[in-house]
Amino acid sequence: MPAPISVVIPTLNAADALPECLGALMEGLHAGLIRDLIISDGGSADLTLEIAEEAGARIVTGTPSRGGQLRRGCAEAGGDWLLILHADTVLESGWSEAVSAHLSSTGPAAFRLAFRARGIAPGWVSGWANLRSRVFRLPYGDQGLLVPREIYHAAGGYPDQPLMEDVALVRSLPRITLLDARAFTSAERYEQAGWIRRGSRNLWTLLRYFLGTDPQVLAQAYRR
């Protein structure tokens, strides 16, 4: 019986973060969960593609846009389930057990968010993210997404947009389960901008998206 999961990771100059992300996936490979690994690259000029090739990934290339990259990557997946991760996301040890237990379900799931940082602020921001995921059914892409391929396609897949592609998709999915396993993500942007300031900007960006602001405009403001 083939392994059930295709892992899809969008990349753009991710050479520094990608090895740790891929290393955490090894337990899923040993557990017989991972069928294939797809790296959807947006034009990396560093060693990202060399790292992906060494890991045995299937590489898909195209213009840089996270939604478009994910859409192209998921179109190449052969597994019954998709596990979509950001290149700077590292799944905690033991994640494969939580995922294995969930595969008997027919619905999508996300991981609990955690930051690779210590202190009150990281705990507060991740706590809000997990509350938002559980109550409002809005996990972000840095929490990872585990979704049956048929349900993904029935929902229309990722839209080709540079920001909020994760929100656009999850709003079209059935209720999402929060797994008993964490996805650790980089705290660099929060540490550079300040935890409160960055968190407030993220909430404002989400509100503007719900009010109909073009994702291209949001992406330009988000990256400043």
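Trainee: Is R58 buried or exposed, or something in between?
Mentor: R58 is partly exposed, at 35% relative accessible area; buried means under 20%, exposed over 50%, and partly exposed in between, using a 1.4 Å probe and protein chains only. Keep in mind this is a predicted model, where local features need pLDDT of at least 70, side-chain atom pairs need 80 or more, and totals for chains, interfaces and linings use all residues. Residues are numbered from 1 along each chain as its sequence is written, and side-chain values use heavy atoms, leaving out hydrogens and water.

Trainee: Which residue does R58 form a salt bridge with?
Mentor: One partner is D36, with the closest N and O atoms 3.2 Å apart. A salt bridge here is a side-chain nitrogen of Lys or Arg within 4 Å of a carboxyl oxygen of Asp or Glu. R58 sits in strand β3 (residues 58-61) and D36 in strand β2 (residues 34-41), 22 residues apart; strands are DSSP runs of E, at least two residues, and helices are runs of H or I, at least four, numbered from the N terminus.

Trainee: And D36, buried or exposed?
Mentor: D36 is buried, at 12% relative accessibility.

Trainee: What about E76, how far apart are its closest N and O atoms from R58?
Mentor: They're 3.8 Å apart, again a salt bridge. E76 is partly exposed at 38%. Shared partners join D36, R58 and E76 into one network.

Trainee: Switching topic, which residue does R182 form a salt bridge with?
Mentor: That's E92, with the closest N and O atoms 3.0 Å apart. R182 is in strand β8 (residues 177-185) and E92 in the loop between β5 and α5, so the pair ties together parts 90 residues apart in sequence.
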